[in-house]
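Student: Could you walk me through a few local features of this model?

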Amino acid sequence: MEISFQPYLILIAFSLWLHLNAGSVRSLCLEDQQSSLLKFKQTLIFDPALSSKLVSWDSSANCCSWPGVTFSGSGHVIGLDLSNESISSGIDSSSSLFDLHHLQSLNLALNRFNGTRIPSGLDKLANLRHLKLSYSEFNGQIPTEISGLTRLVFLDISVSRDPHSFYFYSHAELKLENPNLSMLVRNLTRLREFHLQGTNISAEGPERCRALSSLPRLRVLNLADCLLSGPIDSSLAKMKLLSVIQLSFNQLSAPVPEFVGNFLNLASLHLKGCDLHGKFPAKVFQLLTLQSLDISSNPLLQGFLPEFPENGSLQILVLESTNFSGMIPSSVGNLKMLSTLQLSSCNFSTSIPNSIGSLANLIHLDLSYNWFSGAIPSFSMLKNLVDLDLSHNNLSGPISSTHWANLSNLVNLQLYDNSLKGVIPSSLFSLPSFQRIDLSNNRFSGQIGDFPIVSSSQLVALDLSNNKLNGSIPSYFFKLQGLKQLILPSNSFNGTLELSIIQKLGNLSALVLSFNDLLVDDGFVTRDISNILQQTQFIDYSENQFNSVIPTDIGRIPKSLANCKMLEVLDVGNNGINDSFPCWLSTISSLRVLVLRSNKFYGSIECPDVVIVTNKGIKIELAKILTIFTSIDFSCNNFEGKIPGVIGEFRGLYFLNLSHNFLAGPIPSSLGNLQYLESLDLSTNNLSGEIPQQLGCLNFLEVLNLSLNQLKGRIPKANQLQTFSEDSFKDNKGLCGTPLMDCGANMQPQSEGKNSDNGAKIDWNLISAEVGFVFGLAIVILPLLFWKRWRIWALKAHRRRNQRSADENGAYCCLDIVVPEIRYANI
C-alpha cells in the first residue's frame, strides 16, 4: 500500500512556522492597551507589600510580560487576573478598566474593597466570558449591568456569611433585589457556572427554580447560604446538564425530590443544613457519576445506604447528623475512590463491615456516635488514613497491634466511649504521625509496656482516662517532648511521680492525673516547678495520695505554682492536704478555677485586704485580679471565720461552693453582685442571720443550697428564690416562708444536722443522698464548655471511682457523684 507523506510534511512545516513566530506573537503589545493598563493601575489603591502582580507593572518593561495579563495574538488584553492583590478601591464607572473592550476574562477575587459596591460599568466589557468577583468584600446591590453580559459562561460573585471563615467581612452583604434573580439571568443563556454563595436572594422556591430553568447550559449551580426558603421546584428537573448542585445552609424545609436521582451527569450534591426531612432518594447513591455527596446536619432526614455499584465514582460521602439508619452494606468496598466517609451522629447499627478495610484511598473515616457493635475490623491496608473516629459506639473486644502497624499517616485516633478491653498495645504509641490519641471510657486493663519512641514523634494529646489501667505510668510518656495534654484520670496508676520525670514535659498545657493512687516525691512540693510548667493551663491531681510521702511540716501545694503565669485551672481536691488557705495563689493572674475541696485546709479564707500583684508590668490589687474567677470550690475542709465580702467583686463567677466547713457569721449581701452566678452552695456551715434580699437578684442561679446552717427569719420574697425546693433551705430552724412553712404557723422543730457549737459532730445519717454535692467537681469542668480557648479537642471527664472518707469516723463528706460527659479542649 502506497503511503503519502504530504500531510505530515505540511504539519511539520506549520509547526516550524509557529515556533519561529511565537516570540513575535508574545512580544506584541499595543500601545493603547499598555496605556489603559497603566492608567488603571494608577487609580487603584493597593498594598505594594502584598502585591505580586500590580507591583511589577512598569512602563520600562514589555507589558506582555506583566503578570496577571493575557494578550491575544493581535495584542489586545483578553485576560486580567488581579486576584489576591490587596486592592481596596479605585474602580468606578469611569475606570480605564472598561476601555479594555476585548477583555474576555476578569478576576478580582480575594481583594479588600471594604464594603464598596460592585462597579456599574461592567456592561462595557461586552466580550466578557468569565467574571470572578468572589470574596472581595463587595457590598450592596448586584448591579443590573451584569445581566447585559450575554456572553458570560462563568459568573462568581460569592461572599462569606460565616464569621469563622477566612473570607468573612462583617460589612459585606450582597443583595439581589433589583435586579432580582430572574432579571439577572434572563439574558445569560450561555452560562455554565453560576456562583452566588452567601448572597441575599429574595426569591421563593418556585420562582428561583423557574428563573434558573432558563439556563439550559448550566452545569454548576452554587446558591449556598443565600437565605433561600421553600422546596426545590420540579422545574429544576429540566436542567439535565447539571453536574454540581450546592444549596447548603438554606431553609428548604422539604424532602429531597426524587428527580434529583435522574441527573445522570451529577458529580456533586451538597445540601448540608437545609432543614430537610422525609426519606432521601436511595438511587442518588447509585449514580455512576456522583463524586461528592454532603447532606449532613439535617437531623430529620431519613434514609438507608443501598448496595453500591462496582464502577461508582464516589470520593466523598458525608451523612453526619442525619437520621440515616440500618447497616453499612459490604458493597461499600466497591467505592475504590472513596477518600472521606463521615457517618457520625446517625443511627447506624450492627457491625462495621470488613470491606471498609479495603478502601486504600480512604483518608478520613468517622463512624462515631452510632450503634455499631462487635470488633473493630482490620484497617492495616488503609495506608493513607489520617483521621479515624469510632468513638461513642458499642464496639467491644481487644485492639491488635497488627491493625495499626502500617498506618504511618494516621494523625488522629478517637476510640473513646466504647467497651473495648484487653491490653493497649504499646506499639500503638510509636506511630510517627500520631498527634492525638483518645482511648478514654473503655475497659482497657493491665499495664502499658515500654515502647520505642520515634525521634520524629508528633504526639500532642494523649487521653487514657476512665479505664482499668494499672502499674506505673510508662516512663516513655515523659519522653514525648511535644506532648501538650496528658490525661490519665480514673485508672489505678500507682508509684511515685518524680520531679525528675515530669520536668521533661516542658510543653504541657494540661496535666490531669486525678482518681489514681499516685504518690509524689518531696521535690514536687519543695522545689521550684514553675520552669517545668511554663505553658501549663490546667492541673488536676485530685483524688490521689499526694500527702502520703510528704512531711507534715511543709505545704502541700507547691508554692512555686505562683510563678506559673498561664495557669487557669487548679484542682487539688481530696488529697489530705493539711495547710492554711493559700493566699499566695492570688498572684496567678490567669487563674479562673480553683478547687481545694475535701482536704484539711484550716483557718480563714480571707486574705489581706490589699495584695499587690504585678501582671505584665502593671501593679494590680487582689480584688481586681479575682474578678476573672469563674469557679471556686473550697468545700469539705476546716475553714472558719466569715465569708469575705470581697467575693462579691468576683464578677465573672459562675460556681461557688463553700459547703461543709465551719464558716460563721452572715451571708454577705455582696453575693448579690455575682450576676452570672449559676450555682451557690453554702450548706453545712454555721452561717447565721437572715438571707440577704440581694440573693433574689441572681437571675441565672440554677442551683442553691443553704441547708444545715443557723439561718433565721423569712426567706426573701423574690421570684428567683421561690423557684427552689425545700431541700435548698432545710435544717435552718429559724427559717420560714416559701418554700418552707409559713412564718405565721406554729413552727415545728426541724431535725438538726449539727449543733451551733463549732466543736459538735455532724449527724451524717440524717443527710440523704440528694444533699450530696453533685456540683462539687462539676464546677471545675462545666465552665470549660464555654471557654473559647478550650474547644478544639477534649477530655471525657472523670467519674468518682468510690467514696472517700472525710474524717476519722468514716463519715462521707462528699457523696458519690456522676459527672456529666464533658470534654476539655486546648488550642
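Predicted model: local features only at pLDDT ≥ 70, side-chain atom pairs only at ≥ 80, totals over all residues.

Tutor: Residues are numbered from 1 along each chain as its sequence is written, and side-chain values use heavy atoms, with hydrogens and water left out.

Student: Is Asp 417 buried or partly exposed?

Tutor: Asp 417 has a phi near 60°, positive although the residue is not glycine. Most residues other than glycine have a negative phi. Asp 417 sits in the loop between strand E24 (412-414) and strand E25 (419-422); strands are DSSP runs of E, at least two residues, numbered from the N terminus. Buried means under 20% relative accessible area, exposed over 50%, partly exposed in between (1.4 Å probe, protein chains only), so at 12% Asp 417 is buried.

Student: And Ser 321, buried or partly exposed?

Tutor: Ser 321 also has a positive phi near 60°, and lies in the loop between strand E16 (316-318) and strand E17 (322-326). Its relative accessibility is 26%, so Ser 321 counts as partly exposed.

Student: Which residue does a cis peptide bond join to Asn 178?

Tutor: Most peptide bonds are trans. Here omega is about 10°, and the partner of Asn 178 is Pro 179.

Student: Where is Pro 739?

Tutor: The peptide bond from Thr 738 to Pro 739 is cis, with omega near 10°. Pro 739 is in the loop between strand E48 (734-736) and helix H8 (775-781).

Conventions: Helix = DSSP H or I, 4+ residues; strand = E, 2+ residues; numbered from the N terminus.
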